[in-house]
There are 2 protein chains.
Amino acid sequence: MRYELFYWPGIPGRGEFVRLALEDAGADYVDVGRARGAEAVAEGLEAGPRPPFAPPYLRAEGLEVSHVANILLFLGPRLGLAPADEALHRFEHGLQLTLTDFTAEIHDTHHPLGPTLYYADQKAEAARRAAVFRSARLPKFLGYFETVLAANPDGGHWLVGDACSTADLSLFHVVTGLRYAFPRAVDAATVDTPRVLALVERVAARPRLAAYLASDRRAAFNEHGIFRHYPELDGGITEGDDRDGP
Amino acid sequence: MRYELFYWPGIPGRGEFVRLALEDAGADYVDVGRARGAEAVAEGLEAGPRPPFAPPYLRAEGLEVSHVANILLFLGPRLGLAPADEALHRFEHGLQLTLTDFTAEIHDTHHPLGPTLYYADQKAEAARRAAVFRSARLPKFLGYFETVLAANPDGGHWLVGDACSTADLSLFHVVTGLRYAFPRAVDAATVDTPRVLALVERVAARPRLAAYLASDRRAAFNEHGIFRHYPELDGGITEGDDRDGP
């Protein structure tokens, strides 16, 4: 089975959640945006009886599936990255949807007025939103995943059951992106989430994933994606540290 | 089968997406927040091996399922409100996730700095975000659902296939809530989405749903939920019309 992933080239973005699953499983896939350019991704938004709202979307087995959580729900059982038990699989999908919400809030730290305006047009609002994010939302979300790991009756090495699932890979990506975007705030917040940190290490050490992370297929974080490093949003920065200022 | 819905009492909120499905199907369910109070809802967030992040969550068949889209994915086939075809069901779940994103953006028009601060603490930011929402995001989302209806090879009375699904009920709820929150902007935007308007009428006319909407089980929209009517966010309002001003 060959999978076709449609996502914008040049950023890890939301496509990375899907890439991590495909790479970890050693699946046969083509990253259409990188292979054929953004136009090939945009075309798929226009045509057909069931148009997706936005990338990423995935084609396989004659199906087209859009939205990260929907794609991972489809891929998990096929890639050996989902619990076989129904209760656990539905719980895992709920975790994925919490990660979806978390990701949207991370994006909105630099785009509190929405995706239509540039960051430069909403820097004052972003500073306020990022402060609330660092003090309240970041600890709340990370603390939730710490609680899930602590409550897991199967040992708490993984979020669900006793094996790695797509939710673990996605939590790895979120924490990795957060470390890029908010290194100071994440260092402070993760003092209280040792299980989350151990999970991130555990994912990074998986052989196929480690090989992917070291390869040139892995796009670097940058200031066009979800996870952006604007030092002025990371707290405790003096005026002179603002790279966009004065 | 009896379903237990856990959601905060006093607002339609995200719980309403689930209630509409249960009511439309004539399902046997208990609305735990209304029956036993908010404490009973909060308790379920604390205990157990698989804690949910937030309400709504649903218990049935010995399972617990959290997040609106996850709950509706579970309920749809059980309530006769999901396509039997796999491709169509996965497409419907993607639509539900787009409605999830749309709902979050609607919430953020009055809470652009996140859920931690009060509206009164972010009115200036809300005015900017709401303006972008009215001019760009509202037409984009409504236009997407219009396109889905127009592209549906099964006639376009419903979003997916030729029968009502939970996604149709959810779109009904979003448009109804938007009409409460942004009556002027929605009147203007829906001129271009006649199929969406017809779907909303079609859902409202379903006998069990019409009975529910006229009952006292249906909570009124208010300024504690997702869909809030702040006239100053609806565009074209003069100073004297601002009920919070001067």
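**Exercise 1.** Which side chains meet in a salt bridge at 3.7 Å, N to O?

*Solution.* The model is predicted. Start with the cut-off: a side-chain nitrogen of Lys or Arg must lie within 4 Å of a carboxyl oxygen of Asp or Glu. The side chains of A:Arg129 and B:Asp108 form such a salt bridge, at 3.7 Å from N to O. Next, the totals. Between chain B and chain A there are 6 salt bridges. Polar contacts link 17 residue pairs across the two chains, both residues at pLDDT 80 or more.

**Exercise 2.** Describe the side of chain B that touches chain A.

*Solution.* Step one, elements. Strand S4 (63-66), helix H4 (68-79), helix H5 (86-110) and H6 of chain B each supply at least two residues. H6(B) gives the largest share, 12 residues. Step two, classes. This side of chain B has 24 nonpolar, 13 polar and 12 charged residues. Step three, extent. In chain B, 49 residues are in contact with 49 residues of chain A. The buried area is about 4300 Å², and carbon and sulfur atoms give 63% of that. B:Arg50, B:Phe53 and B:Arg90 lose the most area on the chain B side, together 17% of what that side buries.

**Exercise 3.** Work out how H6 and H9 of chain B pack.

*Solution.* First, the geometry. Helix H6 (residues 123-151) and helix H9 (residues 194-204) of chain B pack at about 80°, with axes 8 Å apart. H6(B) is therefore roughly perpendicular to H9(B). Then, the residues. From H6(B) come B:Leu142, B:Phe145, B:Glu146, B:Leu149 and B:Ala150. They meet B:Pro194, B:Arg195, B:Val196 and B:Leu199 of H9(B). By class, this contact has 7 nonpolar, no polar and 2 charged residues.

Definitions and conventions: Residues are numbered from 1 along each chain as its sequence is written. Chains are lettered from A and ligands numbered from 1 in the order in which they are written. This is a predicted model: local features need pLDDT of at least 70, side-chain atom pairs count only at pLDDT 80 or more; totals for chains, interfaces and linings use all residues. Side-chain values use heavy atoms; hydrogens and water are left out. Axes are lines fitted to C-alpha atoms, for helices over the stretch in contact, and angles run from 0 to 180 degrees between N-to-C directions. Helices (H or I, at least four residues) and strands (E, at least two) are DSSP runs, numbered from the N terminus. Angles under 35 degrees count as roughly parallel, over 145 as roughly antiparallel, 65 to 115 as roughly perpendicular and the rest as oblique. Contact means heavy atoms within 4.5 Å. Ala, Val, Leu, Ile, Met, Phe, Trp, Tyr, Cys and Pro count as nonpolar, Asp, Glu, Lys and Arg as charged, and the others, Gly among them, as polar. Buried area is the accessible area (1.4 Å probe) that two parts lose on being put together, summed over both. A polar contact is a pair of N or O atoms within 3.5 Å; within protein, one must be able to donate a hydrogen and the other to accept it, and residues adjacent in sequence count only if both atoms are side-chain atoms.
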